[in-house]
Number of protein chains: 2
Amino acid sequence: MQPRASSDTDLRRVFLDAARHLLVRDGYKSLSMRKLARAAGYSATSIYLHFENKDALFHALIEEGMERLLAAFREVEAAYADDPEGRLEALCRAYIRFGLDSPEYYEVMFMLHPEHMERYPADKFRRARRNLDVLAAALADGAACGAFCAAEPRVLASTLWAALHGAVSLLIARRLDVRIDAEAFIETTIAHALRGVRSVAPARTAPGV
Amino acid sequence: MQPRASSDTDLRRVFLDAARHLLVRDGYKSLSMRKLARAAGYSATSIYLHFENKDALFHALIEEGMERLLAAFREVEAAYADDPEGRLEALCRAYIRFGLDSPEYYEVMFMLHPEHMERYPADKFRRARRNLDVLAAALADGAACGAFCAAEPRVLASTLWAALHGAVSLLIARRLDVRIDAEAFIETTIAHALRGVRSVAPARTAPGV
DNA sequence: TGCACTACTTAACGCTGTTAAGTATCTTGA
DNA sequence: TCAAGATACTTAACAGCGTTAAGTAGTGCA
C-alpha cells in the first residue's frame with residue numbers, strides 16, 4: 001500500500017503527527033487504530049510495528065502534551081523569576097488557558113481513564129511531574145520570602161493542581177450551569193487557589209458581610 | 001430464554017439492578033450491553049426495549065448516584081441546620097467520602113466523557129443540580145451570618161465544587177505522587193476550599209514564615 | 001544468484017453498540 | 001372457542017473496534 005519508510009523512526013513520527021491531528025480534530029474518543037492508519041495511508045497493523053498498543057500511542061501523545069504545557073510554564077517562570085506570587089498566579093492562568101485552548105490534549109493528559117494509565121512508563125511519569133515541580137518551585141520561592149505557607153510544599157502544590165484541574169475539567173466537560181460566567185468562575189478559582197496557599201495570620205472573621 | 005416479565009417496568013429494574021452491580025464490581029468501562037444482558041439472563045437486544053441506548057442506561061445510573069449523594073448531603077444539612085460553617089465543612093467531607101467510597105458511581109456521575117452526556121435529559125440535569133444547591137444554600141446561610149463572602153453564590157458554589165471535584169478525580173485516577181499522603185491532601189483541600197469562600201478582611205501577609 | 005532480513009500487508013478472532021426481522025405468548029373481541 | 005392483534009422477547013446481522021498470526025514484497029549482503 002505504501003513504499004517503506006526510510007528509517008525506523010520515520011513512520012513512527014508519521015503516525016504520531018497523524019494522531020495529533022486526529023486528536024485535535026475529533027478528540028481522543030474517536031481516535032481508532034484503523035482511522036489513524038487510514039489517515040496516515042497505511043494498514044492498521046503497521047502501527048503495531050512502532051507502538052506496542054493503543055495505550056502506548058496515547059502515552060506518546062500525553063508526553064507531547066506535557067512538553068507543551070511545560071514550555072508554557074517555562075515562559076512564565078522566565079518572566080516572573082523574581083516574583084513568586086506573580087509567577088504562581090501566572091502559572092495558574094497558563095494552566096487553565098492550556099486546558100481550554102487544547103482541550104483534546106488536556107483530556108488525554110489528565111482525564112484519560114486510569115485503566116489506560118496502568119502501563120504508563122515510569123520515566124514518562126517522572127517527566128510529567130516536572131510540571132508539578134514548577135508549581136512547587138514557585139511555592140517554595142514564595143515561602144522563602146514569606147508570601148506563601150511553607151508547610152509541605154508537595155501537598156500544597158498538589159492541592160493547587162487539584163483546584164485548577166477541577167475547574168478545567170468541569171469547563172471542558174461543560175458540566176457548569178450555563179448561567180455561570182466562565183470568566184468569573186476562572187477568576188474566582190484562581191483567587192481562591194492563591195488565597196489557599198498564601199501565608200496568613202490565623203483566620204479572622206470579619207463581622208459584617 | 002426467559003419468561004416474560006410481569007410488567008413493563010419490572011425488567012427495566014432488573015437491568016438497572018444488574019447494571020449497578022456490574023458497575024460497582026467492574027467499573028463503567030467494562031459494562032457492556034451483552035455482559036449486562038448475560039448477567040440479567042436476557043438477550044442483549046431486550047435492554048433496548050427499556051432503554052433507548054447505552055447512554056440512557058448510564059443516565060439512569062447517574063441519576064441513582066445523584067440521589068445517593070443528595071441523601072448524604074441531606075443528612076449533613078439536618079445535622080448542621082444552624083451552623084452554616086460546620087455544615088459546609090461537613091458537606092465537603094461528605095462529597096469527598098462519597099467519591100472515594102463509590103468511585104465507580106463517581107466516575108459515571110462526574111467523569112464520564114462529555115460525548116455521553118450530550119443527550120442527558122434536562123430534568124435529570126435539574127435534579128442533579130440540587131446537590132450543588134445544597135452547597136449554595138450553606139454558602140448563603142453562612143453569608144447571612146457574615147461567615148462567608150456574599151458575592152455571587154452560584155459562582156462560589158461552583159468554585160467550591162470544582163476544588164472538591166479536582167481532588168476526588170485525581171485521587172480516584174491515582175494521579176497523585178505516591179509520596180503524597182492522601183489524608184493530608186484531603187485536609188488541605190478542604191481547608192483551602194473553606195478559606196476561599198470565607199469572608200476576610202483584605203489579605204494581610206504575615207511577614208515571617 | 002540466493003539467502004536473510006526488514007517493512008509492510010491481508011485475514012482473522014472475539015469483542016462492541018445497535019437495528020431488523022422473526023417467534024412465541026398473552027389478551028382481546030366475536 | 002377461535003382467530004386477530006398486541007406484547008415481550010429472541011436470533012441474525014452490520015459495521016466498527018483492538019489485536020494477533022501469517023503472508024508478501026523489496027532491500028542488503030555473501
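Helix α8 (residues 153–172) of chain A packs against α9(B) at an angle of about 60 degrees, and their axes lie 9 Å apart. The model is predicted. In it, 46 residues of chain B are in contact with 46 residues of chain A.

**Helix pair α8(A) and α9(B)**

- Two packed helices are described by the angle between their axes and the distance between the axes.
- Angles under 35 degrees count as roughly parallel and 65 to 115 as roughly perpendicular; at about 60 degrees, α8(A) and α9(B) are therefore oblique to each other.
- The crossing of α8(A) past α9(B) is right-handed.
- From α8(A), the residues A:V155, A:L156, A:S158, A:T159 and A:A162 take part, and they meet B:A184, B:F185, B:T188, B:T189 and B:H192 of α9(B).
- This contact of α8(A) with α9(B) comprises 5 nonpolar and 5 polar residues, with no charged residues.

**The side of chain B that touches chain A**

- In chain B, 46 residues are in contact with chain A.
- Two or more residues of this side come from each of α6 (114–117), α8 (153–172) and α9 (182–197) of chain B.
- The element that gives the most is α8(B), with 13 residues.
- By class, the residues on this side of chain B are 21 nonpolar, 14 polar and 11 charged.

**Relation between the two chains**

Note on methods:
Residues are numbered from 1 along each chain as its sequence is written. Chains are lettered from A and ligands numbered from 1 in the order in which they are written. This is a predicted model: local features need pLDDT of at least 70, side-chain atom pairs count only at pLDDT 80 or more; totals for chains, interfaces and linings use all residues. Two residues are in contact if their C-beta atoms, placed from the backbone, lie within 7 Å. Helices (H or I, at least four residues) and strands (E, at least two) are DSSP runs, numbered from the N terminus. Ala, Val, Leu, Ile, Met, Phe, Trp, Tyr, Cys and Pro count as nonpolar, Asp, Glu, Lys and Arg as charged, and the others, Gly among them, as polar. Axes are lines fitted to C-alpha atoms, for helices over the stretch in contact, and angles run from 0 to 180 degrees between N-to-C directions. Angles under 35 degrees count as roughly parallel, over 145 as roughly antiparallel, 65 to 115 as roughly perpendicular and the rest as oblique. A crossing is left-handed if the near helix is turned anticlockwise from the far one by less than a right angle, and right-handed if clockwise.
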